Amino acid sequence: MTIQEINAKTEALLSELTLKEKIRMIHGNGLFQSGDVKRLQIPALRMSDGPMGVRHEFHNDDWIPVGNSDDYVSYLPCNSAVAATWNRELARNSGRALGEEARGRGKDVILAPGINIKRVPVCGRNFEYMSEDPFLTSQMAVPMIQGIQESDTAACVKHFALNSQETERVWVNAEIDERAFREIYLPGFETAVKEGNTYSLMGGYNLIRGTHCCENPMLLHEILRKEWGFDGAVITDWGALHDTKAAAEAPVDLEMSVTSDFGDYYLANPLRKAVHEGQIPEELVDRKVRNLIRLMLRLKMIDVVTEGTSARAVPCPDRKSGCYNTPAHRQAALETARESIILLKNEEKRLPLQPEKLKKLLVIGDNAERLHAAGGGSAEIKALYEISPLMGLKSQLGGNCQVTFARGYHIVPKDIRADVSWQKTSIDDEKADDSFMENRGITDEETREKQRLLREEAVVLAKEADEVLIIGGLNHDYDVEGYDREDLTLPYAQDELIEAVLDVNPNAVVVIRAGSPVSMGRWKDRARAIVWDWYSGMEGGNALAEVLLGKVNPSGKLPESLPYCLEDCPAPAVGEYPGRPLTEEEHARMNAHLTETYAEGLLVGYRYFERRQIPVQFCFGHGLSYTTFACADLEITENSSPDAPVCMSLSVENTGDRTGMETVQVYVGRLDAGSQEPVKALWGFQKLSLKPGEKKRVEIPLPARAFQSWHTDAGAFVTDAGNYEIYAGSSLMDIRLKGRVNITKRTG
Ligand code: BGC
């Protein structure tokens with residue numbers, strides 16, 4: 001259907017609706033669905049979380065799971081893992097699996113992907129997001145959205161915008177200068193709209209410049225609708241509205257929330273009353289309904305038939321039906337998991353292990369055995385199954401290798417998610433944040449004693465074993481919606497455990513499974529091999545085992561820097577995090593608890609660490625392989641394409657003895673960049689597979705934006721004439737080739 005046809009049908013159906021019916025359509029009439037209009041056969045819009053699979057069913061008006069056995073689903077690797085593959089095709093496959101499963105479960109909108117920029121490494125939802133870099137985020141988000149939408153399911157890109165922390169997530173105000181906003185935090189959303197053609201978008205909980213995102217005319221009207229031309233649906237985060245008039249005026253289309261008093265939502269009876277009383281024009285309601293009807297037409301939820309002068313919706317016969325729990329989805333999960341694993345360090349070729357020689361393997365650490373699918377907040381999944389690392393290793397090594405497990409550290413249970421219906425109170429104003437640290441009456445001393453006993457057991461066993469793997473990291477008590485971590489320290493005395501094991505067995509391999517950075521400073525230099533793994537879906541344990549045992553050559557690259565400690569990071573060091581109390585003036589004009597200035601500006605993540613020369617544990621883009629690669633013959637060509645004014649090409653050769661994959665990364669830096677600007681930034685990448693001795697040439701186009709910056713006075717991206725260095729390499733710090741280009745054009 002052309003956009004003209006869609007719009008004509010939309011107008012025809014809209015003209016049939018009464019005010020009451022229109023109002024029904026623009027607010028939740030269930031925790032995950034909007035109101036329907038039976039008279040005209042307009043169905044409810046059915047939604048579900050989230051990024052890692054389709055969430056289980058809840059009762060319509062209560063956060064209690066229905067509890068049937070038909071809502072187990074494929075559990076996909078988290079978005080950070082997808083980004084770590086640097087493989088656009090895998091992002092598309094993940095999206096395709098997610099969209100197909102959502103449709104298969106009868107959903108219209110999947111509340112994914114999460115693409116907020118990782119401003120602070122302690123943000124509890126970082127595992128749901130992709131990267132600290134806007135280009136990598138955009139490049140991975142677009143195919144994922146397209147993959148989702150292939151199944152007549154809408155992506156709902158979230159959380160628009162600057163929802164970069166969980167502390168006071170509903171009540172934190174972000175103050176940011178326009179250039180950093182445009183160059184760092186908005187490009188992911190902009191590309192999702194312009195290139196990904198996302199059908200919907202979720203407005204964040206937080207405030208920007210004094211106004212909540214979902215009521216924010218600058219964000220939703222000026223930028224999203226006017227500048228980017230978005231004609232899809234904006235859905236609120238659950239409970240993100242605060243005022244009927246502001247919400248009516250802002251171009252937000254569907255109000256969702258966490259309580260079951262659906263008629264009392266801001267866009268329900270209060271809005272109907274205000275329209276009746278003439279305080280709010282009905283045209284504002286129409287605008288919202290239009291966007292929702294357009295969404296339904298795009299999704300083939302409905303068609304509109306006109307008879308004489310009247311129109312009504314009819315079901316669309318050729319809508320895709322989707323499917324869930326298919327072998328193809330499990331394969332997509334496995335392939336993504338494999339390519340997401342990052343070999344951080346591998347001295348003296350410690351890895352891979354040699355399965356044929358391995359007779360006794362000791363696996364230490366709770367994360368070897370822990371299943372993560374059911375945690376994390378709204379990203380929780382009722383997984384059809386989840387292969388733990390221990391199961392992956394055992395099933396691949398078979399019965400001739402004796403695999404012993406030692407838990408190694410004791411998990412202190414947290415109270416935070418004890419209540420199944422936590423979401424109902426998750427945005428309560430009074431919620432005490434320190435409940436996070438409560439631990440069901442267990443004293444520190446008891447905990448320490450348990451940690452000591454488990455550590456000692458592991459150390460005794462480690463002395464005897466042929467090979468030792470320590471599989472630790474975080475879990476969804478830490479990587480979780482609603483809370484940020486306090487620092488980067490590994491919990492449960494894992495540093496002590498790793499040090500003690502390395503004391504008796506210096507060859508022990510350390511695997512960190514987490515969704516956000518942790519400090520490895522105490523043992524990083526001693527450990528010979530370190531592997532980074534994520535919450536990597538139902539096949540994650542198999543993928544990890546394949547990498548450790550050498551069946552798969554690792555090819556993941558860090559989509560974010562791994563700093564030593566939180567104090568080293570830009571937001572706490574230069575900007576404000578987690579925010580400061582409001583001044584009196586701010587208090588008078590905004591409905592917030594905290595405000596924070598993004599004073600670090602453009603210097604987010606690696607842009608800061610490199611510019612300020614702050615050492616990190618492992619840099620952005622880093623990731624080793626069991627083979628080696630050489631790059632040569634860099635060529636830079638300028639061409640007339642306005643979208644890709646510069647193209648670079650180079651040869652990559654596999655100089656080792658195994659087939660492997662390398663991601664060539666291209667960074668661009670303006671030679672006269674100022675001290676508040678990055679030395680260089682990622683503007684191109686390409687992953688390729690090479691057999692031993694094989695050599696291939698890659699061409700990587702660099703987009704116009706690589707040579708532009710946001711000029712606030714012009715209100716546009718403008719090309720900055722001058723000399724630029726083009727860097728090609730294997731990571732931010734492992735640059736193999738450099739070249740120069742002089743950009744003269746000043747067209748925007
Ligand atoms: C989260 C959203 C989620 C929604 C519905 C909110 O608490 O912030 O990401 O989609 O709940 O579960």
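Biologist: What is the protein made of, in helices and strands?
Modeller: The predicted model has 20 helices and 33 strands.

Biologist: How much of it is buried?
Modeller: Of the 748 residues, 64% count as buried. The accessible surface comes to about 26,300 Å², and carbon and sulfur atoms hold 48% of that.

Biologist: What share of the contacts comes from residues 24 or more positions apart?
Modeller: Such pairs account for 76% of the contacts with a separation of 6 or more.

Biologist: How many charged side chains, positive and negative?
Modeller: There are 86 positive and 111 negative side chains. The centres of the two sets lie 4 Å apart.

Biologist: Switching to Arg 105. Where does it lie?
Modeller: Arg 105 is in the loop between helix H4 (88-104) and strand E6 (109-110).

Biologist: Buried or exposed?
Modeller: Arg 105 is buried, because its relative accessible area is 10% and the cut-off for buried is under 20%.

Biologist: Which residue's side chain does the Arg 105 side chain make a polar contact with?
Modeller: Glu 57, at 2.8 Å. Beyond its neighbours within four places in sequence, Arg 105 also touches other residues, including Asp 70, Asp 71 and Tyr 324.

Biologist: How far is Arg 105 from Gln 331, going by C-alpha atoms?
Modeller: Their C-alpha atoms are separated by 19 Å, and the two residues are 226 apart along the chain.

Biologist: OK, next one, Glu 178. Which helix is it in?
Modeller: Glu 178 is in helix H6, residues 178-185. Glu 178 counts as buried, with 16% relative accessibility.

Biologist: What does its side chain pair with?
Modeller: The Glu 178 side chain makes a polar contact of 2.8 Å with the side chain of Arg 209. Apart from neighbours within four places in sequence, Glu 178 is in contact with Arg 209, Trp 710 and Thr 712.

Biologist: And the rest of H6, why is it called largely enclosed?
Modeller: Because 8 of the 8 residues of H6 are buried, the helix is largely enclosed by the rest of the structure. Among them are Arg 179, Arg 182 and Glu 183.

Biologist: What happens at the start of H6?
Modeller: A side-chain oxygen of Asp 177 comes to within 2.9 Å of the backbone nitrogen of Arg 179.

Biologist: What about phi of Asp 152?
Modeller: Phi of Asp 152 is near 60°, which is positive in a residue other than glycine. Asp 152 is in the loop between H5 and strand E7 (154-160), and counts as buried at 7% relative accessibility.

Biologist: And Ala 493, what is its phi?
Modeller: Near 55°, again a positive value in a residue other than glycine. Ala 493 is in the loop between strand E18 (467-473) and helix H16 (494-504). Ala 493 counts as partly exposed, at 25% relative accessibility.

Methods. Residues are numbered from 1 along each chain as its sequence is written. This is a predicted model: local features need pLDDT of at least 70, side-chain atom pairs count only at pLDDT 80 or more; totals for chains, interfaces and linings use all residues. Side-chain values use heavy atoms; hydrogens and water are left out. Helices (H or I, at least four residues) and strands (E, at least two) are DSSP runs, numbered from the N terminus. Buried means under 20% relative accessible area, exposed over 50%, partly exposed in between (1.4 Å probe, protein chains only). Contact means heavy atoms within 4.5 Å. Accessible areas come from the Shrake-Rupley method with a 1.4 Å probe; for residues, only the protein chains shown count as cover. Lys and Arg count as positive and Asp and Glu as negative; His and the chain ends are not counted. The place of a charge is taken as NZ of Lys, CZ of Arg, CG of Asp or CD of Glu. A polar contact is a pair of N or O atoms within 3.5 Å; within protein, one must be able to donate a hydrogen and the other to accept it, and residues adjacent in sequence count only if both atoms are side-chain atoms.
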